[in-house]
Amino acid sequence: NFNKKTIRYYRNNFNKFIEFLKENEIKIIGQVNNQVVIGFILYLKDEMDNPKSINTILRAVRAVFYYVMNLNYIDNFKIKMLKAQDKIKETYTEAELRMLLKKPDIKNCDFVEYRTWVMINWQLRSRR
């Protein structure tokens, strides 16, 4: 009963793991263990430098293998996600904030400018 996009997510990401298994001549699911998954993580690190992207792939692999482990086809082991640091987003400068919060001249501004100002101020007031 999965959504088509969910199925595509699992298929696309798990296929990366299947490619890794083929390259390493692992043909039996029983051969997959923690060391194989660590090798896969290192393989992904060589291809990508974004831990969040690697974790996206690992989530799909982990879901499939935890299901397989639950059915007792292979021994249980943990698949750990990489630690990923969040990038600090740039915030508005003091001058930009003043410009955003300054009430526009109703006689000279257009609808979009006024609507934007109202929405920004409404959100700010609703958070208090």
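Asn121 sits in helix H5, which covers residues 111–126. This asparagine counts as buried, because its relative accessibility is 10% and the cut-off for buried is under 20%.

Arg125 counts as exposed, because its relative accessibility is 56% and exposed means over 50%. Arg125 and Phe65 are 60 residues apart along the chain, and 47 Å separates their C-alpha atoms. Phe65 is one of the buried residues of helix H3.

The structure is a predicted model. Its protein chain has a mean pLDDT of 88. Of its residues, 99% reach 70 or more.

Helix H2 has the highest mean pLDDT, 93. The lowest, 82, belongs to helix H4, residues 94–101.

## H1 against H2

Two packed helices are described by an angle between their axes and a distance between those axes. For H1 and H2, the angle is about 105° and the axes lie 11 Å apart. Angles of 65 to 115 degrees count as roughly perpendicular, so H1 and H2 are roughly perpendicular to each other.

Which residues of H1 and H2 meet? From H1 come Lys16, Phe17, Glu19, Phe20, Leu21 and Glu23. From H2 come Val36, Gly39, Phe40 and Tyr43.

## Helix H3

H3 runs over residues 51–70, which makes 20 residues. From its first C-alpha to its last, H3 reaches 27 Å. That is close to the 28 Å expected at 1.5 Å a residue. Asn50 caps the N-terminal end of H3. A side-chain oxygen of Asn50 lies 3.0 Å from the backbone nitrogen of Lys52.

The buried residues of H3 are Ile54, Asn55, Ile57, Leu58, Ala60, Val61, Phe65, Val68 and Met69. What covers them? The cover includes helix H1 (4–23) and helix H2 (34–47). These two helices are the roughly perpendicular pair described above.

Asn55 belongs to helix H3. Is Asn55 buried or exposed? Asn55 is buried, because its relative accessible area is 5%, against a cut-off of under 20%. Its side chain reaches the backbone nitrogen of Leu82 at 2.7 Å. Leaving aside neighbours within four places in sequence, Asn55 is in contact with Met81, Leu82 and Ala84.

Ala84 lies in the loop between H3 and H4. With 31% relative accessibility, Ala84 counts as partly exposed. Ala84 touches Pro51, Lys52 and Asn55, again not counting residues up to four places away in sequence. Lys52 is also the residue whose backbone nitrogen lies 3.0 Å from a side-chain oxygen of Asn50. Ala84 and Ser53 are 31 residues apart along the chain, while their C-alpha atoms are separated by 9.7 Å.

## Two positive phi angles

Most residues other than glycine have a negative phi. Two loop residues here have a positive one. Glu25 is not a glycine, yet its phi is positive, at about 55°. Glu25 lies in the loop between H1 and H2. This residue is exposed, because its relative accessible area is 63% and the cut-off for exposed is over 50%.

Asn72 lies in the loop between H3 and H4. At 66% relative accessibility, Asn72 counts as exposed. Ala84, placed in the loop between H3 and H4, counts as partly exposed.

Note on methods
Residues numbered from 1 in each chain as written. Predicted model: local features only at pLDDT ≥ 70, side-chain atom pairs only at ≥ 80, totals over all residues. Heavy atoms only, no water. Helix = DSSP H or I, 4+ residues; strand = E, 2+ residues; numbered from the N terminus. Expected span 1.5 Å × (residues − 1). Buried < 20%, exposed > 50% of the residue type's maximum accessible area, 1.4 Å probe, protein only. Contact = heavy atoms within 4.5 Å. Polar contact = N/O pair within 3.5 Å; in protein donor to acceptor, adjacent residues only side chain to side chain. pLDDT = per-residue confidence, 0-100. Axes fitted to C-alpha atoms, helices over the stretch in contact; angles between N-to-C directions. Parallel < 35°, antiparallel > 145°, perpendicular 65-115°, else oblique.
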